[in-house]
Amino acid sequence: MTTYDRLIDLLERSHARFRIIDHAPEGRTEPASVLRRHALSQAAKCLIVRVALGRRARRYVLAVVPGDRRLDLDSISSIYTGTESSFATREIAERLAGSVSGSVVPFALHPDLDLVVDPDLLVHKEIFFNAARLDRSVALATDDYVGLAGPRVEVIAQRSLTGADAAPGALT
């Protein structure tokens, strides 16, 4: 069974509120969000990270942040009390995700993956992500996502210093 089939089966069996969106093949978050017609902040950007825990120990984490944000690797290291964090190699990420880069789903479907989600993604009523395919996405009710995925929720996205978040007198 493909990762796509596993995902759809999980959503259907759980009676999750979701819809499938077909679109031109795209694995980059910003262009995919345009194709799906939603705010970039509603996109679940899924990144697989390798956390070094010691000399030979490591942990792989599926980190999910809003599409308009960058992952803070230092936060991931801190959460796991690791010595450093880095993006997993493409080969390892695709093996653990069960899909090609750019189509990783925000569910830890592999036993060697931990799932950590930034709380700013979860403020939306609905989130969007590629469904283990570059040409098909899912729009999923956030409450259903949290109930099904059971993510660890931690601040892992870099906070911006633009607009309303900027310090007084800062250039934006």
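Strands, labelled E, are DSSP runs of at least two residues, numbered from the N terminus. By that naming, E2 gives five residues to the lining of the largest pocket, the largest share of that lining. The model is a predicted one.

- Five strands make up an open sheet with mixed pairing, and their order is E4-E2-E3-E5-E8.
- E4 and strand E8 (152-153) lie at the edges with a single partner strand each, so one side of each has no neighbour in the sheet.
- In general, the strands of a sheet pair through backbone hydrogen bonds, in either a parallel or an antiparallel way.

**Strand E2 and its partners**

- E2 is mostly covered, with seven of its nine residues buried.
- E2 pairs with strand E3 (residues 58-66) in the antiparallel sense, over nine bridges.
- Five residues lie between E2 and E3, and the two strands form a hairpin.
- Within this pairing, Leu47 stands opposite Ala63 in E3.
- E2 also runs antiparallel to strand E4 (residues 84-87), to which four bridges join it.
- On the E4 side, Val49 has Phe87 as its bridge partner, and Val51 has Ser85.

**The largest pocket**

- The volume of the largest pocket is about 440 Å³.
- The lining of this pocket counts 23 residues, and those closest to its centre are Cys46, Leu47, Ser101, Gly102 and Val104.
- Helix H2 (29-36), strand E2 (44-52), H4 and strand E6 (126-130) each provide at least two of the lining residues.
- By class, the lining of the largest pocket has eleven nonpolar, seven polar and five charged residues.

**The largest cavity**

- There is one cavity of 30 Å³ or more in the structure.
- The largest cavity has a volume of about 30 Å³.
- Residues lining the largest cavity include Ile48, Leu62, Leu96, Val104, Phe107 and His110.
- Nine residues of this cavity lining are nonpolar and one is polar, with no charged residues.
- Val104 belongs to the lining of the largest cavity and is also among the residues closest to the centre of the largest pocket.

**Gly102**

- Gly102 sits in the loop between H4 and E5.
- With a relative accessible area of 29%, Gly102 is partly exposed, because that class lies between the cut-offs of 20% for buried and 50% for exposed.
- Apart from neighbours within four places in sequence, Gly102 is in contact with Glu26, Gly27, Asn130 and Leu134.
- Eleven residues separate Gly102 and Glu91 in sequence, and their C-alpha to C-alpha distance is 13 Å.

**Ser99**

- Ser99 is in the loop between helix H4 (90-97) and strand E5 (113-117).
- Ser99 has a relative accessibility of 8% and therefore counts as buried, the cut-off being under 20%.
- The side chains of Ser99 and Ser103 are joined by a polar contact of 3.4 Å.
- Not counting residues up to four places away in sequence, Ser99 touches Thr3, Glu94, Val104 and Ala132.

Methods: Residues are numbered from 1 along each chain as its sequence is written. This is a predicted model: local features need pLDDT of at least 70, side-chain atom pairs count only at pLDDT 80 or more; totals for chains, interfaces and linings use all residues. Side-chain values use heavy atoms; hydrogens and water are left out. Buried means under 20% relative accessible area, exposed over 50%, partly exposed in between (1.4 Å probe, protein chains only). A polar contact is a pair of N or O atoms within 3.5 Å; within protein, one must be able to donate a hydrogen and the other to accept it, and residues adjacent in sequence count only if both atoms are side-chain atoms. Contact means heavy atoms within 4.5 Å. On a 1 Å grid over the protein atoms alone, a cavity is a set of points where a 1.4 Å probe fits but cannot get out, and a pocket is an open set with protein on both sides within 12 Å along at least five of seven lines; lining residues have an atom within 4 Å of a point. Grid points are joined across faces, edges and corners, and a volume is the space filled by probe spheres set on the points. Ala, Val, Leu, Ile, Met, Phe, Trp, Tyr, Cys and Pro count as nonpolar, Asp, Glu, Lys and Arg as charged, and the others, Gly among them, as polar. Two strands pair if DSSP finds at least two bridges between them.
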